[in-house]
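This briefing gathers notes on a ligand site, a helix pair and several individual residues. Please read it alongside the sequence and the coordinates.

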Amino acid sequence: MAPKTAGSIRPPASSGLYVHVPFCVRKCAYCAFFSEVRASDGGLAREWLRGIGREMRDVPEGFAPDTVFIGGGTPTALPEDAFARLLAMIAERWGGPGVREWTVEANPGTLTPGKLRIMREAGVTRLSLGAQSFSEKALAALGRIHTPGQIREAAALARDAGIGQVSLDLMYGWAAASAKEALDTVRADLDAALALAPDHLSAYCLEIEEGTPLAARRGAGGTVTAPPAWQRRAYDLIRRRLAAAGFVHYELSNFARPGRECRHNLLYWTGGAYIGLGPAAHSHWNGERRGNSPTLPAWSVAFRETLPPRRKACETLVMGLRRTAGWTREGFRAATGFDYLDLRGPEIRRLAADGLLLASPDRIRLPASAYFTSDAVFAALV
Ligand code: SF4
């Protein structure tokens, strides 16, 4: 096969569709995602749906996604008629055997047998459930609306409905009273999550984003997160426990049963092509990056940019290093048209000498000891 020209734009081997549902029942204390708490306002949901329909008409005819991801917000906060209409619109335009993975994000307390039946009939293959914790205290600290019992109920409903794969999101690093409480909670969360036999688990460390209630509390002198040392121990505990349970740690915060990795998110981490619909959604298509404004009831394109190929390749280098397998030299060349040593040779050699990167002749990846502090490595490479 002839080598690819550095920086050439290649047709995507695979591509994804993202739809942002901008509604939640209530804002969580840590959340900076764009969403409104007016989902029960059917008129607003219908107006948003009309906007999605208009955006769909602008999507190029040849776009045929392998993966669909409906996220938010809380897609399952939509009234049932609007939820059914959204899935029907997507299934009519893009459904069928070409879609290898179709994920819907859901939150416990908003999932009903009716919504699961709608998903099943539309062809949804994967449910991503925002569990966060099975501890009442942690859920209250995070400002979640649900109870531990509702997580179990939602997972059971999804299985009963025949949704093929279930993923659970967990969160750690909140302001527990002691290291013991922080680690005991993580241990109990993992036991409770594994008892639900998930196919996939994501475990995120609580981060404080500006403009959120937790940021305000911190600004007023409150303690809202655990010390970094406890967070680090929690992360190591999660890695060990999930490895022992047979999960593959395939991305810094993501673990899967073999073969159950999230294809859609892998697109993001490998510089893949995707089109995003809805307010605040982003797209990367034909070398152009586009972002929609976070506004309702209507939204518009807030920015369009075509990154210089070298800069785009550096971003792809960093995103791909989030995967524990890192990049093979050939894989990176195939994805970007560049050799990573031509792009960032001195930095790669320096990070390797400092023990922050493992570099062999044909692969680079993070050592496990750098997973929790990967931002410093990424800052040196981007
Ligand atoms: S449910 Fe998710 S999107 Fe909605 S406020 Fe909570 S964290 Fe944010």
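The ligand is surrounded by Cys24, Arg26, Lys27, Cys28, Tyr30, Cys31, Gly73, Thr74, Asn107 and Arg144, where a residue is near a molecule if one of its heavy atoms lies within 4 Å of it. This is a predicted model, in which local features need pLDDT of at least 70 and side-chain atom pairs count only at pLDDT 80 or more, while totals for chains, interfaces and linings use all residues. Residues are numbered from 1 along each chain as its sequence is written, and side-chain values use heavy atoms, with hydrogens and water left out.

**Ligand shell and cysteines**
- The shell around the ligand divides into four nonpolar, three polar and three charged residues, with Ala, Val, Leu, Ile, Met, Phe, Trp, Tyr, Cys and Pro counted as nonpolar, Asp, Glu, Lys and Arg as charged, and the others, Gly among them, as polar.
- Cys31 is buried at a relative accessible area of 17%, buried meaning under 20% (1.4 Å probe, protein chains only), and Cys314 is also buried, at 4%.
- Zero disulfides, defined as pairs of cysteine sulfur atoms within 2.5 Å, are found in the whole structure.

**Helix pair**
- The axes of H12 (residues 340–353) and H13 (residues 374–381), lines fitted to C-alpha atoms over the stretch in contact, with angles running from 0 to 180 degrees between N-to-C directions, come within 9 Å and cross at roughly 155°.
- H12 is therefore roughly antiparallel to H13, a term for angles over 145 degrees.

**Asn265**
- Asn265 is buried, with a relative accessible area of 17%, and its C-alpha lies 18 Å from that of Tyr371, which is 106 residues away in sequence.

Methods: Helices (H or I, at least four residues) and strands (E, at least two) are DSSP runs, numbered from the N terminus. Angles under 35 degrees count as roughly parallel, over 145 as roughly antiparallel, 65 to 115 as roughly perpendicular and the rest as oblique. Buried means under 20% relative accessible area, exposed over 50%, partly exposed in between (1.4 Å probe, protein chains only).
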